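User: I would like to learn how to read the features of a structural model, step by step. Could we begin with confidence and then turn to packing, aromatic rings and burial?

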Amino acid sequence: MAAEKGANQSVEKAITVLESFSSGEPMRVSDVAREAGIGQSTASRLLATLEAGGLVERDPQTSLYFLGAELMTLAGIAINQNRVHRVGRQIAQSLAGEIGLGVNIALLRGAELVYLCNFEGRLSPKSHTLMGQRVPLHATSIGKATLIGTNREKRLRLLPELPGFTEATITTHEALDREVALTARRGYAIEVEEFVLGRASTAAPILDRGGKIVAAVSISGPLTAIDLESRGAELGRTVVETADRISSGLGYQGPA
């Protein structure tokens, strides 16, 4: 039992070490130790083990660590196994090419969403992928879309704090209550510079076979390309139709 407990603790620490790289920046051993809340010698030992398995890599010149290529293989397998991704990928890609804006699908995971895929149209280019990135529920349209149907009690449990990212971010539950109610009436969520300056989006929830919200799809782009004041209703209808197509592909057949 003692050996099993020790092994479990080692695995937990290794997971914490991997999660310390979530900022996307290469790190020194001391940085990892601080972020993971462990001793430097422990961090060094775990990094050496993870490096041997290809889960992290080390620059021989700077001795900085970064996530390894083996994780890309595992991430690709996990994404391709996900049914929402399999059903929604081609739908999202085709829509991005048609409207020239970004189309994103994200999976609901507790109080956050994790991007499964994103496609950028000609009007919304990016030099990086959103795949695997996490976003908060209260500050993005794709997050707010998943809050449709939740009550205040559940939102307080999920989101005890509402951190601000820009001056436009919703930071009180009173304001979030109003926003969720409006989103539910409208059928889609909108967001203008609440998470990232200079960008706007609209999103709708994706439902599984049983009618449970499991993900969301959004249309996004820079303010220079997406004018929600004039095109909000049009893009809202488009994103709802897209979400409905993906939901149907997951087996949802409408309210019983």
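Analyst: pLDDT is the predictor's confidence in each residue, on a scale from 0 to 100. It is needed here because this is a predicted model.

User: Where does pLDDT stay under 50?

Analyst: That applies to residues 1-6, and for this stretch the model has zero contacts beyond four places in sequence. For the chain, the mean pLDDT is 89, with 95% of the residues at 70 or more.

User: What does the secondary structure of the chain come to?

Analyst: The chain has nine helices and eight strands. Its C-alpha atoms fill a box of roughly 55 × 40 × 40 Å along the principal axes. There are 256 residues, of which 43% count as buried. Of the contacts between residues at least 6 apart in sequence, 52% join residues at least 24 apart.

User: How should I read helix packing, and at what angle do H5 and H9 pack?

Analyst: The angle is taken between N-to-C directions and runs from 0 to 180 degrees. Helix H5, residues 83-99, packs with helix H9, residues 228-249, at about 145°, and the axes are 9 Å apart. The crossing of H5 with H9 is right-handed.

User: Which residues of H5 and H9 meet?

Analyst: H5 contributes Arg 83, Val 87, Gly 88, Ile 91 and Leu 95, while H9 contributes Thr 238, Thr 242, Arg 245, Ile 246 and Gly 249. By class, the residues of this contact are four nonpolar, four polar and two charged.

User: How is an aromatic pair described, and how many does the structure hold?

Analyst: A pair of aromatic rings is described by the distance of the centres and the angle of the planes. The structure holds one such pair. It is formed by Phe 165 and Phe 195, whose ring centres are 4.9 Å apart; their planes stand at 80°, so the pair is edge-to-face.

User: Why does the pair of Phe 165 and Phe 195 tie together parts that are apart in sequence?

Analyst: Phe 165 belongs to the loop between helix H7 (152-158) and helix H8 (173-186), and Phe 195 to the loop between strand E6 (189-192) and strand E7 (199-207), so the pair links parts 30 residues apart in sequence.

User: Are Phe 165 and Phe 195 buried, exposed or partly exposed?

Analyst: Buried requires under 20% relative accessible area, and exposed over 50%. Phe 165, at 41%, is partly exposed, and Phe 195, at 26%, is also partly exposed.

User: Is Glu 179 buried or exposed?

Analyst: Glu 179, which lies in helix H8, has a relative accessible area of 17% and is therefore buried. Apart from neighbours within four places in sequence, Glu 179 contacts Lys 144, Ile 170, Arg 186 and Ile 190.

User: Which residues are buried in helix H2?

Analyst: In H2, residues 29-36, the buried residues are Val 29, Asp 31, Val 32, Ala 33 and Ala 36. Gly 37 follows H2 and has a positive phi, near 70°.

User: What is Ala 43 in contact with, leaving aside its neighbours within four places in sequence?

Analyst: Ala 43 contacts Val 29, Val 32, Ala 33 and Ile 38. Ala 43 lies in helix H3, residues 40-52, and is buried, with a relative accessible area of 0%.

How values were computed: Residues numbered from 1 in each chain as written. Predicted model: local features only at pLDDT ≥ 70, side-chain atom pairs only at ≥ 80, totals over all residues. Heavy atoms only, no water. Contact = heavy atoms within 4.5 Å. Helix = DSSP H or I, 4+ residues; strand = E, 2+ residues; numbered from the N terminus. Left-handed = near helix turned anticlockwise from the far one by under 90°. Nonpolar A, V, L, I, M, F, W, Y, C, P; charged D, E, K, R; others polar. Phe/Tyr/Trp six-rings, centres within 6.5 Å; stacked < 30°, edge-to-face > 60°. Buried < 20%, exposed > 50% of the residue type's maximum accessible area, 1.4 Å probe, protein only.
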